[in-house]
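Here is a short note for a colleague who is opening this structure. Please read the points with the model in view.

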Amino acid sequence: VQLQASGGGLVQPGGSLRLSCAASGTIFEITTMDWYRQAPGKQRDLVAMMFRSGITNYADSVKGRFTVSRDNAKNTVYLQMNNLKPEDTAVYYCHAVLRTTSSSPYFNYWGQGTLVTVSS
């Protein structure tokens, strides 16, 4: 199983970016798909998560600005980021909790990270 993230880049404050992360390989079920971020010298923190049911959860710092969504048929999660601020600068990682068969346990999988830089 692989998670491939894309969509990062350089954007000015107040701008927008959309990140995508597609899971590929043998997948039976994905429960949660999430976005984390890690700024230089800081720990990796949860940004937004989405359960298969559609329930979402956001970090307080991004509420009202970021929106997470999923396409379950494509095993893909998106993060729409609006009104970006310099403090949003970080490497963004996608994460999924999934199982590969109906009888296998759930495991954590991580994407490779995509850099978002917010600067004028």
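1. A nonpolar core here is a set of buried Ala, Val, Leu, Ile, Met, Phe, Trp, Tyr and Cys residues joined through side-chain atoms within 4.5 Å. Buried means under 20% relative accessible area, exposed over 50%, and partly exposed in between (1.4 Å probe, protein chains only). This is a predicted model: local features need pLDDT of at least 70, side-chain atom pairs count only at pLDDT 80 or more, and totals for chains, interfaces and linings use all residues. Residues are numbered from 1 along each chain as its sequence is written, and side-chain values use heavy atoms, with hydrogens and water left out.

2. The largest nonpolar core has 29 residues. Trp35, Val47, Phe66, Val68, Leu79, Met81 and Tyr92 touch the most other members. Strands E1 (2–6), E3 (17–24), E4 (29–38), E5 (44–51), E7 (66–71), E8 (76–81), E9 (90–99) and E11 (114–118) each supply at least two residues of this core. E9 gives the most, with 5 residues. Strands (E, at least two residues) and helices (H or I, at least four) are DSSP runs, numbered from the N terminus.

3. Which cysteines form a disulfide? Cys21 and Cys94 do, with sulfur atoms 2.0 Å apart; the cut-off for such a pair is 2.5 Å. The count comes to 1 disulfide. The torsion about its S-S bond is about 55 degrees, so the disulfide is right-handed. Cys21 lies in strand E3 and Cys94 in strand E9, so the pair ties together parts that are 73 residues apart in sequence. Cys21 and Cys94 are both buried.

4. Look next at E8. Of its 6 residues, 5 are buried. E8 pairs with E3 in the antiparallel sense over 6 bridges, and with E7 in the antiparallel sense over 6 bridges. Two strands pair if DSSP finds at least two bridges between them. Thr76 of E8 is the bridge partner of Ala22 and of Asp71. The hairpin of E7 and E8 has 4 residues between the strands, and Asn75 takes a positive phi near 50 degrees there.

5. Last, the largest pocket. Its volume is about 180 Å³. A pocket is an open set of points on a 1 Å grid where a 1.4 Å probe fits, with protein on both sides within 12 Å along at least five of seven lines; lining residues have an atom within 4 Å of a point. The volume is the space filled by probe spheres set on the points. Of the 15 lining residues, Arg37, Ala39, Lys42, Asp45 and Glu87 are the closest to the centre. E5 supplies the largest share of the lining, 3 residues.
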